[in-house]
Amino acid sequence: MRRIPINSRIQRIIILTILIISVIFSQSTPIFGSANANDANKNAPPAPDPAPEEEHQLMPGEPVHPDPNSWGYDPETGEFTHPSMTPDPGEGPHPFEGSLPYLDLNQYSKNMKVEAFYPYVVGWGHSWQATFDWKGRRYLYDYETDMYNVFDITDPKKAKRIARKTFDTKKGEHQFGPMNIKYNQSLDKTIAVQCYEVPRFGVLSNKYLNPDEVKKIREREMLRGFRIYEVTGPLWTDWEVLSETPLDESAEPGASVQQGSGCQDVPVYSGDQYLFVAGAPDDSFANTEYKSYLYSGAQMAYDISDPTNPKRLSTWWVPGQRIGEEKQYNLNPRAGNKTSWMGSRMPLFIPKSVEEGGKYGYAAMGGFGFYVVDISDPANMKTVSHIELPMSVSGTEGDNIDVSKVETTGMVYFSGYPLNEDCYEPYKEIYAIDVRDPKKPKVVSTLERPKPPKEAPFTDYCQRRGSFGPKRSGYAAVQPGEPNQRYMPYAFYNAGVQIFDVKDPKNTSVAAYFVPKMYGEIPNEDGKTTRPSEHSNPVQSIYVEWDRNLIWAFSNHGMYLLSTPLLGKPLKGVPKIEKTEGVSPL
């Protein structure tokens with residue numbers, strides 16, 4: 001049977017009507033799946049309607065909507081073929097013939113156990129986490145830019161929320177930001193570094209069409225850089241600010257208007273001398289296609305041996321990122337497509353700190369690809385090598401690099417992540433890259449694409465609705481303990497948490513998974529009412545406590561605490577770790 005994707009609003013309405021009628025009247029399970037497929041889905045909420053296409057007008061240079069006959073679900077094979085390219089934004093639902101007409105409420109698991117569940121949510125599509133130990137107890141921050149929750153997780157099965165704070169950024173209150181907390185042995189202090197980046201969502205819709213929005217971003221009063229704190233207890237509100245550092249070196253001390261993006265995502269800090277952050281240090285770093293972002297992030301190294309006086313050591317970037325480098329930029333096939341993210345999205349991925357003798361960092365530079373960077377002298381970072389990856393537009397192409405196994409295997413794992421729903425974009429592969437010869441890195445394989453269990457009422461995760469594909473494997477810069485050298489967990493949106501066996505990088509497989517329901521009711525702070533969860537990003541983040549064999553999965557309806565025999569018996573309490581491991585003995 002020919003695949004029949006849906007690209008027009010009329011086609012979508014017709015197919016959606018057929019789906020609803022088939023569910024109501026058919027006693028057998030149709031190819032679209034059925035709300036009566038199992039008990040859990042008898043009262044499943046309906047899936048959202050297709051997104052109106054007329055809301056988005058294509059601009060010159062943008063990818064066009066793909067040929068309807070070139071992609072979609074094949075009911076004969078049960079497989080889904082992704083579009084080769086789609087325009088951005090492809091936001092909103094894009095159901096196809098074969099999509100479930102409801103939100104699946106089943107839970108699927110293999111080699112994993114739910115140890116606990118906590119119905120707290122801070123971000124509908126993204127959140128960060130950080131842990132640290134203080135006076136014999138372990139604390140977890142789960143946060144977004146406008147709020148955070150703090151938990152005492154010393155006994156992870158009996159975690160207690162001890163604080164909650166919201167930030168009214170619309171009224172000028174400074175946002176929260178991604179942070180790294182480590183014990184500094186030479187200072188005998190626990191130090192936190194927190195990054196601040198200009199906002200995108202809800203602020204800048206299309207930089208090509210809305211100069212007023214661009215002007216507001218340029219003139220926004222905020223610290224575009226990082227703060228360093230001395231941690232003096234479990235609560236952020238008690239910490240002492242030691243310094244504020246804008247990435248814009250031309251900014252006067254205390255200036256409220258600064259150039260550049262600020263620093264992106266979780267900073268890399270080992271608790272010693274050097275700090276690595278990503279971001280655009282000034283407005284010249286501007287060559288990127290992405291509509292709702294003005295900047296192309298670079299990589300920066302700082303000396304923070306004196307945390308009250310950080311010093312910039314060097315800035316590394318890809319030729320083509322800055323204004324005036326258009327000749328190099330235009331060599332990239334993505335130039336002009338008004339879709340691709342070009343530049344960093346996260347700091348360098350560093351498996352071994354410079355202070356401990358580490359020599360290399362690995363950079364995911366969006367549409368610019370994968371880079372090996374010599375960081376042995378942070379004042380003079382140098383490009384060692386580069387790999388171009390296949391185009392995967394739209395969606396984020398180069399975002400995460402898992403370096404947890406490179407010291408023992410020579411392999412790193414590079415990926416982007418999906419931005420569109422219902423697989424309306426190319427699949428985001430996870431590339432296994434051999435860097436044993438750092439001057440000649442090479443892709444040796446792509447990781448297995450997760451498949452649903454046989455009992456699921458769908459045969460491909462694209463049918464389950466929402467986004468499907470890899471997000472990140474946690475945050476190596478902040479997760480405690482030594483990573484397992486065989487198994488690699490990954491947040492996978494509607495496919496939950498997938499754990500890959502990478503013992504043989506050329507023949508990887510999914511060894512375990514936990515896939516929660518697609519939807520849930522979230523308790524409000526009044527303790528009496530609830531609100532519905534957002535459907536498109538069911539599991540958008542994981543945090544791995546390697547030292548306690550625990551995985552935290554952050555879903556659209558709450559926090560799951562997971563264990564797996566692959567990692568070992570789960571532990572509670574605070575493991576005894578030497579000071580050099582970054583944990584305060586206080």
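Strand S21 contributes the most to the lining of the largest cavity, with 3 residues. Helices (H or I, at least four residues) and strands (E, at least two) are DSSP runs, numbered from the N terminus. The structure is a predicted model, in which local features need pLDDT of at least 70 and side-chain atom pairs count only at pLDDT 80 or more, while totals for chains, interfaces and linings use all residues. Residues are numbered from 1 along each chain as its sequence is written, and side-chain values use heavy atoms, with hydrogens and water left out.

A cavity is a set of points, on a 1 Å grid over the protein atoms alone, where a 1.4 Å probe fits but cannot get out; lining residues have an atom within 4 Å of a point. Grid points are joined across faces, edges and corners, and a volume is the space filled by probe spheres set on the points. By this rule there are 4 cavities of 30 Å³ or more. The volume of the largest cavity is about 120 Å³. Its lining is made up of 17 residues, and those nearest the centre are Leu389, Pro390, Ser392, Glu397 and Tyr431. Two or more lining residues come from each of strand S20 (396-402) and strand S21 (411-417). By class, the lining of the largest cavity holds 5 nonpolar, 7 polar and 5 charged residues. Here Ala, Val, Leu, Ile, Met, Phe, Trp, Tyr, Cys and Pro count as nonpolar, Asp, Glu, Lys and Arg as charged, and the others, Gly among them, as polar.

Strands S20 and S21 also belong to an open sheet of 4 strands, ordered S20-S21-S22-S23 with antiparallel pairing. Two strands are taken to pair if DSSP finds at least two bridges between them. The edges of this sheet are S20 and strand S23 (442-446), each of which pairs on one side only. From one strand to the next, the twist averages 35 degrees. Axes are lines fitted to C-alpha atoms, for helices over the stretch in contact, and angles run from 0 to 180 degrees between N-to-C directions. Within the sheet, S21 and strand S22 (residues 430-434) run antiparallel and are joined by 5 bridges. Methionine 411 has aspartate 434 in S22 as its bridge partner.

Another open sheet consists of 3 strands in the order S17-S18-S19, again with antiparallel pairing. Strand S17 (360-364) and strand S19 (382-387) are its edge strands, each pairing on one side only. Neighbouring strands of this sheet are turned against each other by 25 degrees on average, direction ignored. Strand S18 (residues 370-374) is joined to S19 by 5 bridges, and the two run antiparallel. Valine 372 is placed opposite serine 385 in S19. In the loop between S19 and S20 lies serine 394. The peptide bond leading from valine 393 to serine 394 is cis, with omega near 10 degrees.

The whole structure contains 2 disulfides, a disulfide being a pair of cysteine sulfur atoms within 2.5 Å. One joins cysteine 195 to cysteine 263, with the sulfur atoms 2.1 Å apart. The torsion about this S-S bond is about -120 degrees, so the disulfide of cysteine 195 and cysteine 263 is left-handed. The pair links distant parts of the chain, 68 residues apart: cysteine 195 is in strand S10 (residues 189-195) and cysteine 263 in strand S13 (residues 262-269). Both cysteine 195 and cysteine 263 are buried. Buried means under 20% relative accessible area, exposed over 50%, and partly exposed in between (1.4 Å probe, protein chains only).

A disulfide also connects cysteine 423 and cysteine 462, at an S to S distance of 2.0 Å. This link is left-handed, with -90 degrees about the S-S bond. Cysteine 423 lies in the loop between S21 and S22 and cysteine 462 in the loop between S23 and strand S24 (487-491), so the pair ties together parts 39 residues apart in sequence. Cysteine 423 and cysteine 462 are both buried. With bonded cysteines counted along the chain, the disulfide pattern is 1-2, 3-4.

Positive phi angles of about 60 degrees occur at asparagine 111 and aspartate 265, neither of which is a glycine. Asparagine 111 lies in the loop between strand S3 (108-110) and strand S4 (113-118) and is partly exposed, at 37% relative accessibility. Aspartate 265 is in strand S13 and is buried, at 6% relative accessibility.

Definitions and conventions: 1 Å grid on protein atoms, 1.4 Å probe; cavity = no way out; pocket = protein on both sides within 12 Å on 5 of 7 lines; lining within 4 Å.
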